[in-house]
Amino acid sequence: MKGIAHFASGVAAASFFPWAVAAARDGNPVHFILGGLMGLLPDTLDFKFYRFFYKHDVYIEPDPNDPNPQRIAEQIADAVRTAAREHRTVRVKLSTIRLGADYWQQYEVRFDPEANRVRVRFGPAVNTGQVPVPGSAPKEAREGSAALDVSLVQTYDATTRVDIFDGPTFAFEGQTPQRVVLHFLPWHREWTHSFTFGALLAALGGLIWGWRASVVMLCGYAAHLIEDQLGFMGSNLFFPITRKRLSGLHWMRSGDSLPNFLAVWLSCLLIFWNLARRTPEAAIYDFGLAHILFYGGLIPVGVFGLLMHWAKRWRPTEAEAPLEMADEWGDNQVG
Amino acid sequence: MSAALTVLLASLIGAAGSSVLACLPGLHVYNLMGLLVVFIHWLAAAGHPLPPEATIPFMAAMIVGWSILNTIPSIILGAPDESAIFTVLPGQKYLMFGRGFEGTMMTGIGSLAGVFLLIFGVGPLAPRILPIVQTVLRPYMGWILWVIITFILMSEWPKGGNVGPAGWRKFLDAWKSLGAGLATFFLAALLGFILLYRPPIASEMAFQNIMPAFVGLFAIPWCLLNLISGAQVPPQHVGDSVDVDPETILRSVAAGGLGGGFAAFFPVVTGGVGGLLAGHATAQRDERVFIMSQGVSKVIYYTGAFMLMFVPGLGLTRGGGAWIVRGLFTPRTWGDYYMVMAAIALAGAVSFLLMGFLTRGTIRLVARVNYRYVSAAALAIIILLVFAVTRWSGLAVMLVGTGIGLIPVLFASRRLNCLGILLFPIACNMTGIGPDIARFLGLI
């Protein structure tokens with residue numbers, strides 16, 4: 001899920017504890033700050049720290065003056081074959097292609113399991129807002145492909161788009177000479193996304209702010225891990241006891257608008273409910289969680305859903321967007 | 001003259017007046033409203049009091065008109081105010097692709113949708129819902145602000161460190177922009193503390209205290225960048241239609257309504273912050289939705305905050321406009337509420353109709369005159385206005401603000417970090433630690 005959904009969930013988790021609400025009322029916001037901070041911390045650690053130190057075996061850095069899709073496809077296929085042949089994990093980093101201060105060459109990498117090939121296709125140049133530059137789309141297909149020669153097992157989406165800022169990483173885990181498992185962003189959702197690491201941080205926080213803060217921290221962290229488990233990728237929930245990421249529930253994709261919005265909205269409603277039931281001034285109003293969820297959640301979301309259903313008639317159905325690394329974090333890249 | 005006719009005329013004149021005001025880069029509607037209040041008090045003292053049926057709709061129309069039409073200089077002249085910083089980047093991209101008219105009109109459509117949301121959504125529901133929300137949240141405003149600050153500081157994306165082998169070099173390259181963002185926030189916070197505890201602006205202009213700092217933080221760096229980079233604006237296409245559909249408008253209203261509403265309701269949270277939260281919360285990737293949602297957010301933020309003062313049973317004063325008008329008039333009846341809503345509806349319609357005409361005029365100006373000269377003229381107007389209102393001390397504050405505002409421009413970090421000037425000192429004060437920090441800084 002996006003950062004704000006995790007952050008809001010962490011704050012909502014904090015609001016369930018009476019001591020957090022009481023302290024906030026007395027002017028001490030530390031529990032709520034810690035809840036939100038811990039809600040966002042797993043991704044912060046991955047995207048702002050760990051990924052810059054994560055070592056790759058192969059760096060694919062296309063020449064901006066002569067970007068060649070065939071060359072990229074062959075390099076990827078080479079890495080897959082090496083992983084199978086040497087029975088080890090080969091980590092591959094795909095770099096973005098910067099064409100100018102605000103321009104990037106967009107390309108897509110698709111693993112085609114039926115043809116057993118990797119295909120790389122160049123798209124238009126895009127600006128940093130990921131908007132195609134008019135007239136930059138290639139007139140003829142600029143596509144490269146290479147045979148994989150082994151059976152590739154995918155744990156995530158088949159197509160990955162590379163355009164702005166940082167490119168994605170693949171880890172090819174060679175299990176047998178004929179079988180390779182593909183992992184997307186292998187540095188992501190590993191040790192940072194485990195209950196054990198969250199508990200360690202909470203224990204450290206407890207030494208500074210006391211056991212109550214420790215409980216809030218752990219719950220904020222856990223909220224993030226549980227939400228991530230609803231998606232495709234899953235997390236390594238009990239590192240170092242477990243060594244691999246569990247598969248997610250496949251209920252949603254990290255970048256989808258609706259689940260992200262609903263998570264934020266539900267968090268806001270829960271925070272409101274927790275504050276309302278602990279605020280003496282609000283006792284004059286007679287409402288409970290069911291009222292809040294009905295009037296604050298079901299009715300507005302239902303009305304909006306109906307309007308959207310009507311509005312969609314005016315717009316052609318779009319193909320599902322390819323996977324992007326930004327889906328995992330989701331800064332709007334402006335401002 | 002009947003009260004209804006007075007309201008109608010005052011709204012129309014206010015909207016028309018704001019169309020001139022909005023096209024002047026750097027001049028905020030609150031600056032003019034502050035001066036107008038001084039003038040209205042002077043008239044009353046001279047024995048010519050103006051009735052509230054004239055002054056309140058006029059002020060409301062000024063706010064509506066400005067919040068809709070100020071998009072024009074923000075995008076086409078490149079001189080944004082704080083609430084427009086999100087619109088400007090994608091908006092200026094449209095300008096550089098020859099689609100400045102389309103980008104401006106899309107924001108305008110978003111603004112009109114925001115007016116519809118205010119009149120038909122917020123208007124009927126606010127008196128029923130907001131008093132309850134306010135009763136529950138009033139004791140907790142302090143921590144909510146701290147939580148927002150935490151999110152702003154944590155949610156910036158590293159812009160460097162994209163190529164090369166793993167290691168410290170890559171890490172430090174990535175953290176250049178993040179570090180610059182943090183430095184911007186805390187330097188702006190320091191400036192905010194100084195302005196709050198040792199205001200250098202003369203006391204008779206105290207209501208303009210923050211204006212030179214905001215101009216320095218947000219508008220001047222943009223003008224300087226335009227001047228230095230020597231950007232050439234390509235010929236602009238002025239089309240008959242805009243590429244939007246009902247779904248895009250609905251998505252924009254949802255995102256912008258949430259962000260603007262949040263900013264309008266919570267103290268110190270500005271339109272820029274609202275825009276950031278809305279963009280994240282609704283996970284928008286479509287640039288058209290993004291641009292339009294900022295138009296919605298800006299109208300809801302400025303106009304909605306003003307409207308809150310009139311919501312029966314709420315008694316909430318939010319935003320500079322409401323604080324300025326509070327000294328003139330205290331709303332008491334449902335009639336006052338309906339009067340303000342009527343003024344908002346009228347001004348919204350008039351401003352939107354003016355938008356195409358004014359955008360075409362501004363585009364013609366940019367086509368005939370070198371963009372560098374336009375930016376230089378915008379810069380000169382801004383500096384003259386700051387000097388006219390706040391004299392030398394204001395210029396000094398503006399210069400300091402410019403220095404801080406240039407950091408995100410030079411290091412490609414978020415300009416929103418400049419809002420540390422408001423968020424940090426006020427959050428400290430709301431949780432009771434402001435005076436301690438001011439004492440530590442030697443300000444009291």
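This is a predicted model: local features need pLDDT of at least 70, side-chain atom pairs count only at pLDDT 80 or more; totals for chains, interfaces and linings use all residues.

1. Helix H7 of chain B runs over residues 141-154 and has 14 residues; from its first C-alpha to its last it reaches 20 Å, which is close to the 20 Å expected at 1.5 Å a residue.

2. Because 11 of the 14 residues of H7(B) are buried, this helix is largely enclosed by the rest of the structure. The buried residues include Trp143(B), Trp146(B) and Phe151(B), and the buried set packs against helices of both chains, namely H1 (3-15), H2 (18-25) and H3 (30-53) of chain A and H11 (271-281) and H16 (420-430) of chain B.

3. The largest nonpolar core has 181 residues, and within it Ala60(B) and Ala61(B) touch the most other members. Helix H14 of chain B, residues 334-368, supplies the largest share of this core, with 14 residues. Apart from it lies another core of 31 residues, Ala84(A), Leu94(A), Val109(A) and Val118(A) among them.

4. Leaving aside neighbours within four places in sequence, Ala61(B) is in contact with Ala10(B), Ser11(B), Gly14(B), Ala15(B), Ser18(B), Ala343(B), Leu346(B) and Ala347(B).

5. The contact between the chains takes 57 residues from chain A and 53 residues from chain B. On the side of chain A that touches chain B, the elements giving two or more residues are H1, H2, H3, H7 (257-276) and H8 (289-311) of chain A, and H3(A) gives the most, with 9 residues. The residues of that side divide into 30 nonpolar, 17 polar and 10 charged.

Technical notes
Residues are numbered from 1 along each chain as its sequence is written. Chains are lettered from A and ligands numbered from 1 in the order in which they are written. Helices (H or I, at least four residues) and strands (E, at least two) are DSSP runs, numbered from the N terminus. The expected span of a helix is 1.5 Å times one less than its number of residues. A residue is buried if 20 or more other C-beta atoms lie within 10 Å of its own, exposed if 12 or fewer, and partly exposed in between; C-beta atoms are placed from the backbone. Two residues are in contact if their C-beta atoms, placed from the backbone, lie within 7 Å. A nonpolar core is a set of buried Ala, Val, Leu, Ile, Met, Phe, Trp, Tyr and Cys residues joined through C-beta atoms within 7 Å. Ala, Val, Leu, Ile, Met, Phe, Trp, Tyr, Cys and Pro count as nonpolar, Asp, Glu, Lys and Arg as charged, and the others, Gly among them, as polar.
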